[in-house]
Amino acid sequence: MTQPAPKNRPAPSTALITGASSGIGEQIAMALAARGSHLILVARSEGPLNALADTLRARHGVQVHVLPQDPTRPHAAHDLLKRTQALNLNVDILVNNAGFADYGEFSELDVQKQLDMIQVNITALTELTHAYLGGMRARGRGRVLNIASTAAFLPGPLMAVYYATKAYVLSFSEALHEELRGTGVSVTAACPGPVETGFQAAANMGGSRLLRDRLTRAAILPAREVAAQAVTAMLRGEAVHVIGTVNRLQTLLPRLLPRRVLPPLIRRIQGR
């Protein structure tokens, strides 16, 4: 059983992580548990969440709550808030990691999948942030970590909706970071490029030139490294943190090239 924190130290924080069953979310859960944070793990798949929770409890002695949920369901964030309130849990760290992509020409893709992507990548993220930000401000401390992407800096032919959703996450995070200045609460947008997870396979990107390009392959980072950098940036209170040297160079393209050049360039890079 977890021992109470000594009186001369603050109580351990409680972090809610969406998309925690694998990839970056799983690694963020591991990184925060290693720092002593109690966890609320959220994802669709209950089995992997329970397995991760058992590991983290045994390894770090932290409290872990498992709350399976489908983020494509409308108002899922409101239901999640009610469940955490029923458990009498204050969320000090919110990690909006859940998200997915789809590859292909927009007019040929399944429109419901594109709308589900907007629901998960934008709507649920926005609702969750609103749900827990008020409590953080009232307590005078808190952190929100939004997993954006280097895609946020560019237009994205062949992944048009995904790139657009990440542009929203970046802009939203930067705006909130400024609104919260001086409150003890901060919002960080972490922007990785391609990561060693099942993300690309789930997005049907197997034929994309992007994943065969030598420079891109060199920039692919393990999920553990991405999670470590994202958590560090969040705890420092950074507004935006682009992960990886090559990825930082990529985000400079909109400053170096005329806007009209970018869409055909990205389409060529991402083409089959």
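**Exercise 1. Decide whether Arg139 is buried, partly exposed or exposed, and find out which residues its side chain is linked to through salt bridges.**

Step 1. Arg139 has a relative accessible area of 33% and is therefore partly exposed, where buried means under 20% relative accessible area, exposed means over 50%, and partly exposed lies in between (1.4 Å probe, protein chains only). The model is a predicted one, in which local features need pLDDT of at least 70 and side-chain atom pairs count only at pLDDT 80 or more, while totals for chains, interfaces and linings use all residues. Residues are numbered from 1 along each chain as its sequence is written, and side-chain values use heavy atoms, with hydrogens and water left out.

Step 2. The side chain of Arg139 meets that of Asp92 in a salt bridge, 3.8 Å from N to O; the term stands for a side-chain nitrogen of Lys or Arg within 4 Å of a carboxyl oxygen of Asp or Glu. Asp92, at a relative accessible area of 6%, is buried.

Step 3. Because Asp92 lies in the loop between helix H3 (76–86) and S4, and Arg139 in helix H4, the pair ties together parts that are 47 residues apart in sequence. Helices (H or I, at least four residues) and strands (E, at least two) are DSSP runs, numbered from the N terminus.

Step 4. Asp92 and Arg139 are linked with Arg141 in a network of salt bridges.

**Exercise 2. Locate the salt bridge between Asp54 and Arg57, and state how many salt bridges the structure holds.**

Step 1. Asp54 is partly exposed at a relative accessible area of 48%, and Arg57 is partly exposed at 34%.

Step 2. The structure holds nine salt bridges, another of them joining Arg73 to Asp79 with the closest N and O atoms 2.8 Å apart.

**Exercise 3. Describe the two aromatic pairs that a search of the whole structure finds.**

Step 1. Rings of Phe, Tyr and Trp (its six-membered ring) pair if their centres lie within 6.5 Å, and planes under 30 degrees apart count as stacked, over 60 as edge-to-face and the rest as tilted.

Step 2. Tyr162 and Tyr163 form an edge-to-face pair, with 6.2 Å from centre to centre and 75° between the planes. Tyr162 is buried at 8% relative accessible area, and Tyr163 is buried at 9%.

Step 3. Tyr168 and Phe172 form a stacked pair, with 5.5 Å from centre to centre and 15° between the planes. Because they are four residues apart in helix H5 (residues 160–179), about one helical turn separates them. Tyr168 is partly exposed at 30%, whereas Phe172 is buried at 17%.

**Exercise 4. Work out which residues of the largest nonpolar core touch the most other members, and which element gives the largest share.**

Step 1. A nonpolar core is a set of buried Ala, Val, Leu, Ile, Met, Phe, Trp, Tyr and Cys residues joined through side-chain atoms within 4.5 Å.

Step 2. Among the 31 residues of the largest core, Ile17, Ile28, Leu32, Leu39, Leu41 and Leu145 touch the most other members.

Step 3. The largest share of this core, six residues, comes from H8.
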